[in-house]
Amino acid sequence: MGHVPELIIDLALILGAAAVMTIIFKMLHQPVVLGYIIAGVAVGPYFNFFPTVVESEGIKIWADIGVIFLLFGLGLEFSFKKLLKVGNVAVITSLMGVGMTFLVGYNAGVILGWNMMDSLFMGGILSIASTTIIFRAFDELSVKSQKFAGIVLGALVIEDLVAVLLMVVLSTVSISRSFEGMEMIYSIGKLVFFLVLWFVSGIFFLPTLFKKLKKYLNDETLLVVSLALCFLMVVLSSQAGFSPALGAFIMGSILAETPKVERIEHLVQSVKDLFGAIFFVSVGMLLNPGMLVEYALPIGISTLVLLFGKPVFASVGALFAGQPIKVAVQTGMSLSQIGEFSFIIATLGITLNVTSDFLYPVAVAVSVITTFTTPYMIGFSGKVSDWVTLKTPERWKNRLYKYSLGTQQVTEASDWKKLIRFYVINTLIFSVVIISIILLANQFLAPFFEASKWKNLFVVSLTLLIIAPFLYALAFRRGPSRIYANIWLKPLYRGPLLALIISRIALAIFFVGFVFAKYYSPLTAFIGVLVAAMFFIKQRHRIKRFYGKIESRFLLNLHERERAEEEKNRNVLAPWDSHLTTFTLEARSPIIGRSLGAMKLRETYGVNIVIIERGDLMVNIPRQEDVLYPNDVISVIGTDEQLSLFTDYIEVKESKEDLRSEISQVGLHSFSIPEGSNLIGQSMRDSQMRERCKGIIVGLERDENRIVNPDPDIMFQADDVIWIVGLNKRIHIYLKDILRT
């Protein structure tokens, strides 16, 4: 009979315990993560009632793989472009919540007499909320459509990025055991450098690779390729001096920009769940129940920081960002827990051997407690916000209301600011690319020509040829021509604009000189720069065209996912490919005798009743209190799918397309809110658009997003496209007023 390795026996024990706990926690409607942790306690060394894991080192390796998969999965959901779309509200809320919680957590550790490293790591552990737990709670409570939920989800994107930065900073501090300014700046600069390099390289090559291999990428192959890319980036991250988890996160975020991301997420999900379960069980194995009793005070303080401190900090951040009291309080109370990133930060402290043994169990205990409390915090946030609103002095509420209105105003950035932002981003990207090529050429090209007497000439020439397109873009790419022309026409800005142009040309010349200086004397390098400049001027048109191809390829890949989604949406009925249809109501219809407000047709079916014909009486844009009677002819607006569901519900005896809709008094209209409009900063409810137009807002387009039947509390922004059903004459008059303002 063959001998089964201890690692296999331990794995069977871990997965068996995890399976039992998963079922129990599913039955109790609790997060399975807690079940995994309790399973870890059961099979861990501190609990002897059940068999105990023997090969703990082997399990630790499996757990490390679990961390990689967890971060890879989070990266697939992250997306750097999603980060760019996160609004100022989410950024301010997140940074206020994370920053203040970190400081409070650190000072709590100092007060408890902990050393600096324990206090720093505790601050980091307490500052990052759990994306997984919040997503689950939002689903269970059905609040994803509410305004505060959108802010919370945006804040979680920022917190994920902050967590990555924290891991780098804490690793740096762990090595030096002190806050050295230059070393910290170097670490952050190195992180930014590699983030830009990896992101640009990934976007340039990966979508093209997937496109070339499209016919070979079945599910099995795509899974293997994706995991290979993930672990390749893990190795590169480790070689660059970062944690393996960071590499997994970065590769996930790069793949998130490709059209294959949904398919990759689906394929990786099972593998991620498996290794994630092993990771969380390993977390539980490190939990010493006796230590929890001994450190009950730190656990209690940390829990209070999360249940009271962070909600207050995040709420204040949301208020600073211009949100109403109700939304701010609901946002803050939703961010009152810790989860997967906190475990990873705690694991980092153990791996680096810089934190005390008690810190990890404290973090796990706080996570367990706050995971249980999260649904209640979110559920009671509405009542708490109402109480806070009631207790807030009237003059404060008036000031907050005026401040909120002021911050909601969408102001157009000046052309100068837009150009500066463009130049900064492009200078950063092209400098990173140029420096990377120079370093790679020195690493790989130089040894290749080692035996040649023309080694230096070959290396310098090839390096300059490769970086030539990027030197052109760095020195001469102007940015949006309209903005550039507007600034040039203003004499006040011509001087700064020329200085900006000259500085970029000087930076390009510096890079050329740097390449020569590595291999030649200063005098030879100077002559070489002049020769290179003459060659560059003579071949500038070819270089420009070649760079244009590179940029086109990059932008094509960068926006490929959006194009794929648009292509897919072309075959799907647009949210407001709506039309008017008439229905004659039977006496037995379930909507007879009920008011429009009581039926909630808009919320349930997405349709709106815009005309009621009752004999000679015609009611255009009926009110919520209007009641329907037998033989009423109602005109309803909706999509084919919505109207089909509505038809099944009301049991009509006749349904026909309203051919009179074009000549009816009521019609579907759309308009865009121009810059400077009085509507900007107002909510739909406050704008009284319904009353003025005798109409109903049925759709809103914003930043390529489409919202059907938008919430009345949504604030209008410039360039919003509004879709409204109402009296044609009244809407035409209203639109003239809008365009005039």
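Colleague: Why is Asp219 called partly exposed?

Modeller: Its relative accessible area is 42%. Buried means under 20% relative accessible area, exposed means over 50%, and partly exposed is what lies in between (1.4 Å probe, protein chains only). The 42% of Asp219 falls in between, so the residue counts as partly exposed. Two reading notes: this is a predicted model, where local features need pLDDT of at least 70 and side-chain atom pairs count only at pLDDT 80 or more, while totals for chains, interfaces and linings use all residues. Residues are numbered from 1 along each chain as its sequence is written, and side-chain values use heavy atoms, with hydrogens and water left out.

Colleague: What makes Asp219 and Arg263 a salt bridge?

Modeller: The term asks for a side-chain nitrogen of Lys or Arg within 4 Å of a carboxyl oxygen of Asp or Glu. Between Asp219 and Arg263 the N to O distance is 3.2 Å, so the pair qualifies. Asp219 sits in helix H10 and Arg263 in helix H12 (residues 261-285), so the pair ties together parts 44 residues apart in sequence. Helices here are DSSP runs of H or I with at least four residues, and strands are runs of E with at least two, numbered from the N terminus. Arg263 is partly exposed too, at 28% relative accessibility.

Colleague: How do you know that Leu222 counts as buried?

Modeller: Leu222 has 0% relative accessibility, and that is why it counts as buried. Leu222 belongs to helix H10 (residues 219-239). Leaving aside neighbours within four places in sequence, Leu222 is in contact (heavy atoms within 4.5 Å) with Phe210, Leu217, Arg263, Ile264 and Leu267. Leu222 and Arg263 are 41 residues apart in sequence and 8.6 Å apart in space, C-alpha to C-alpha.

Colleague: How many salt bridges does the structure hold?

Modeller: There are four salt bridges. One of them joins Glu159 to Lys310, with the closest N and O atoms 3.2 Å apart. This pair links distant parts of the chain, as Glu159 is in helix H8 (residues 147-176) and Lys310 in helix H14, 151 residues apart. Glu159 and Lys310 are both buried. Glu551 and Arg477 form a salt bridge as well, with the closest N and O atoms 2.5 Å apart. Here Glu551 is in helix H24 (residues 540-558), and Arg477 is in the loop between helix H20 (455-476) and helix H21 (481-488), 74 residues away in the chain.

Colleague: What makes Asn353 stand out in its phi?

Modeller: Asn353 has a positive phi of about 60° although it is not a glycine. Most residues other than glycine have a negative phi. Asn353 is in the loop between helix H16 (340-351) and helix H17 (359-391). With a relative accessible area of 64%, Asn353 is exposed.

Colleague: Why is strand S9 largely enclosed?

Modeller: Six of the seven residues of S9 (residues 721-727) are buried, so the rest of the structure largely encloses it. Two strands count as paired if DSSP finds at least two bridges between them. Strand S7 (residues 695-702) and S9 run antiparallel and are joined by six bridges, so they are paired. Leu700 has Ile722 in S9 as its bridge partner.

Colleague: In which sense do S2 and S4 pair?

Modeller: Strand S2 (residues 608-614) pairs with S4 in the antiparallel sense, over five bridges. The bridge partner of Ile612 is Ile634 in S4. S4 (residues 633-638) is mostly covered, with five of its six residues buried.

Colleague: How do you know that helix H15 is mostly covered?

Modeller: Nine of the ten residues of H15 (residues 325-334) are buried. Among them are Ile325, Val327, Gln330 and Met333.

Colleague: How many residues has the largest nonpolar core?

Modeller: That core has 143 residues, and those with the most contacts inside it are Leu71, Phe72, Leu255, Phe279 and Phe341. A nonpolar core is a set of buried Ala, Val, Leu, Ile, Met, Phe, Trp, Tyr and Cys residues joined through side-chain atoms within 4.5 Å. Beyond its neighbours within four places in sequence, Leu255 has contacts including Phe72, Leu76 and Phe210. In the protein chain, 49% of the 741 residues count as buried.
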